[in-house]
Amino acid sequence: MSGSSGTQPSTRSAKAGLQFPVGRLRRLLRDGNYARRIEAGAPVYLAAVLEYLTADILELAGNAAGENKKHRITPRHLQLAIRTDDELDSLLANVTIAEGGVLPNIHQVLMPSHH
């Protein structure tokens, strides 16, 4: 019998110190036919990477919402956060965010010239 008596069974997510569900990711990896065998550490690593990316995007989107004096993150804030960060922009280059809009940008040729 593992653990001390009277303790709650701990999840693999809790053991890894993660919020993302390691057990669910393991099931999805198995059922998705990505490989014949799934190593025990694979869903833990995947959960950690997904949690890191999610936290990074949400932090930047929260900053974008705060700059616009909003308390709620909208798809527009996600778009601004992703497109202003070089690494996230390259990772999500082919992703379209619904209701995200475009980055504010006016080409230099269109700007009034000051002679």
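Where is P112 found? P112 is found in the segment after α5. Helices are DSSP runs of H or I of at least four residues and strands are runs of E of at least two, numbered from the N terminus.

## Basis of the model

The model is predicted, and local features need pLDDT of at least 70, side-chain atom pairs count only at pLDDT 80 or more, and totals for chains, interfaces and linings use all residues. Residues are numbered from 1 along each chain as its sequence is written, and side-chain values use heavy atoms, with hydrogens and water left out.

## The segment after α5

With a relative accessible area of 60%, P112 is exposed. The terms for burial are as follows: buried means under 20% relative accessible area, exposed means over 50%, and partly exposed lies in between, with a 1.4 Å probe and protein chains only. Accessible areas come from the Shrake-Rupley method with a 1.4 Å probe, and for residues only the protein chains shown count as cover. P112 and A65 are 47 residues apart in sequence, and their C-alpha atoms are 31 Å apart in space.

L110 also lies in the segment after α5, a helix that spans residues 86–91. L110 is exposed, at a relative accessible area of 66%. Together with I106, V109 and M111, L110 makes a nonpolar surface patch of about 450 Å². Patches are made of residues with over 30% relative accessible area and no salt bridge; like charges are joined within 9 Å, and nonpolar side chains (Val, Leu, Ile, Met, Phe, Trp, Tyr) within 5 Å.

## Helices α1 and α2 and the positive patch

A positive surface patch is formed by R12, K15, R24, R26, R27 and R30. The elements that give two or more residues to this patch are α1 (12–16) and α2 (22–31). Of the contributing elements, α2 gives the most, with 4 residues. In this account Lys and Arg count as positive and Asp and Glu as negative, while His and the chain ends are not counted. The place of a charge is taken as NZ of Lys, CZ of Arg, CG of Asp or CD of Glu. R26, one of the patch residues, lies in helix α2 and is partly exposed, with a relative accessible area of 34%.

Helix α1 also holds S13, which counts as buried at 10% relative accessibility. A polar atom of the S13 side chain lies 2.9 Å from the backbone nitrogen of V22. A polar contact is a pair of N or O atoms within 3.5 Å; within protein, one must be able to donate a hydrogen and the other to accept it, and residues adjacent in sequence count only if both atoms are side-chain atoms.

Helix α4 comprises residues 75–84 and includes Q79. Q79 is buried, with a relative accessible area of 9%. A polar atom of the Q79 side chain lies 2.7 Å from the backbone oxygen of G101.

R83 is likewise placed in helix α4 and counts as buried at 16% relative accessibility. Side chains of opposite charge can pair when their charged atoms come close. The side chains of R83 and D89 meet in a salt bridge, with an N to O distance of 2.9 Å. A salt bridge is defined as a side-chain nitrogen of Lys or Arg within 4 Å of a carboxyl oxygen of Asp or Glu, and the count by this rule comes to 1. D89 is partly exposed, at 28% relative accessibility. R83 and L103 are 20 residues apart in sequence, and the C-alpha to C-alpha distance is 7.4 Å.

## Loops on either side of α3

The loop between α2 and α3 (42–67) contains N33, and Y34 lies in the loop between α2 and α3 as well. N33 is exposed, with a relative accessible area of 67%, and Y34 is exposed at 62%.

Most residues other than glycine have a negative phi, and most peptide bonds are trans. N33, a residue other than glycine, has a positive phi near 55 degrees. K69 is not a glycine either, and its phi is positive at about 55 degrees. K69 is found in the loop between α3 and α4 and is exposed, with a relative accessible area of 72%.
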